[in-house]
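Student: Could you walk me through one part of this model in detail? I'd like to look at the place where the chains meet.

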Amino acid sequence: MKSLEELEKIREQAKDLINLRKDNENKTRIVVGMGTCGISAGARQVLLAILDEIKKRNLNDVIVTETGCIGLCKFEPLIDVIKPGQPKVTYVNLDAEKARQIVAKHIVNNQIIEDWVIPNI
Amino acid sequence: MKELSLHILDIVENSINAGATRVKISIKEESKRNLMTITIADNGKGMDEDTLKKVVDPFFTTRTTRRVGLGIPLFAQAAKMAGGDLKITSKIGMGTKVEATFIKNHIDLQPLGNMADTLVTLCALYPHVEFIYEHSVDDKIFIFDTGEVKKRLKDVPINHPLVLEFIKDYVDSNLKSILEV
Ligand code: FES
C-alpha cells in the first residue's frame, strides 16, 4: 500500500522539472468541457488520457483547464486547444484514444486533425 | 451517468462553480444497516430556499439557454432507483450539503466506479481547492486530504503530472485495502 511518505521522493523529481517549466511563458491551453453532459459522455476519461500523454511526453508548456456547460451537449466530450498566437480549435465527440492522438498530432506536431474539429464556435 | 463516482465529480463541479474553496466528500458503507451514504459538503455561497427547491427539479435551470443544474436530479434518481433518497441542505453564505443514500445490495445500485479518477481529475483542474475524501466500510476508514499532500509538496504544485500519478496509485491502493473482505 502506498503512503504519503513517497511524496518526498516525488517532490525532488518534480522540482527539477519545474525549473524547466518556468522558462517557458508561451503555453498551450487545453480546455475540457466538464459540464454535466460532458462528464456523463466521458469527459473524465478524456481529461485523464490528456494528462497521461502530457506526463509520458514530458510536455512542460501545456496547461489543462476546464469549462462548464457550453450548450453543445450532443458534441460532448469536447475540448478546445489554444496554441499561443493561433485561433482556438474545438474538437468534438472525443474519447480517450482520440484525445491521445490530438496531443500527439496537434499539440506536439502542430497538425490539426480536421475531421474531428467543429468550425467557428 | 454510469457510475456514482461520475455523479460525485459532477456535484463537486457545482460546488466549485458556487465558489467553494473546500469540499468534503464522504462515503460511508454500513453492512449492518445495508446502507451506503454519500455526502458532499462545501463552503460555497449556498442557496436560498427558493433556489434549493428548484435545483431538485429536472426542469429547472439557472440559465435559460443551457441545461445546467441537471446534475442533482440525476443523482437523486440514482439514489431513488437504489431504494434511497437525496437531501440537500444549504444556507446563503454557509455552503451546501448534498446527502444521498442507497440500499447497499440493491439490484439497481450503480457501481461506485473509479474514485481515484474522480479525485485526480479534481486535483488536476482545481489545484487551489482543498478536497477531503473520507471513505469508510464498517470500521475501516481511508482519508485523503489534499491539505496534507500540499504540506509535503511545499513548492511543487499538486497538479504536477508526477504528483497526479502518485495520487491515482495512492487512492487506488488504499481503497482496495478497505474494500477487501
Ligand atoms: S453540456 Fe451543458 S447542457 Fe450539455
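Student: Across the interface of chain A and chain B, how many residue pairs are in polar contact?

Tutor: Keep in mind that this is a predicted model. The rule finds eleven residue pairs in polar contact across the interface of chain A and chain B, both partners being at pLDDT 80 or more. On the chain A side, helix H1 (7–22), helix H2 (36–41), helix H3 (43–56) and strand S2 (62–67) each supply at least two residues that touch chain B. H1(A) gives the most to that side, with ten residues. Sort the residues of chain A that touch chain B by type and you get 18 nonpolar, eight polar and ten charged.

Charge pairing shows up too: the rule finds four salt bridges across the interface of chain A and chain B. One of the salt bridges to look up joins Glu5(A) to Arg152(B), where the closest N and O atoms are 3.3 Å apart.

Now for the overall numbers. Chain A puts 36 residues into the contact and chain B puts in 41 residues. Between them, chain A and chain B bury about 3,400 Å², and carbon and sulfur atoms give 68% of that area. If you want to pick out residues on the chain A side, go to Lys2(A), Leu4(A) and Arg44(A): they lose the most area to chain B, together 21% of what that side buries.

Conventions:
Residues numbered from 1 in each chain as written. Chains lettered and ligands numbered in written order. Predicted model: local features only at pLDDT ≥ 70, side-chain atom pairs only at ≥ 80, totals over all residues. Heavy atoms only, no water. Contact = heavy atoms within 4.5 Å. Buried area = accessible area lost by both parts, 1.4 Å probe. Salt bridge = Lys/Arg side-chain N within 4 Å of Asp/Glu carboxyl O. Polar contact = N/O pair within 3.5 Å; in protein donor to acceptor, adjacent residues only side chain to side chain. Helix = DSSP H or I, 4+ residues; strand = E, 2+ residues; numbered from the N terminus. Nonpolar A, V, L, I, M, F, W, Y, C, P; charged D, E, K, R; others polar.
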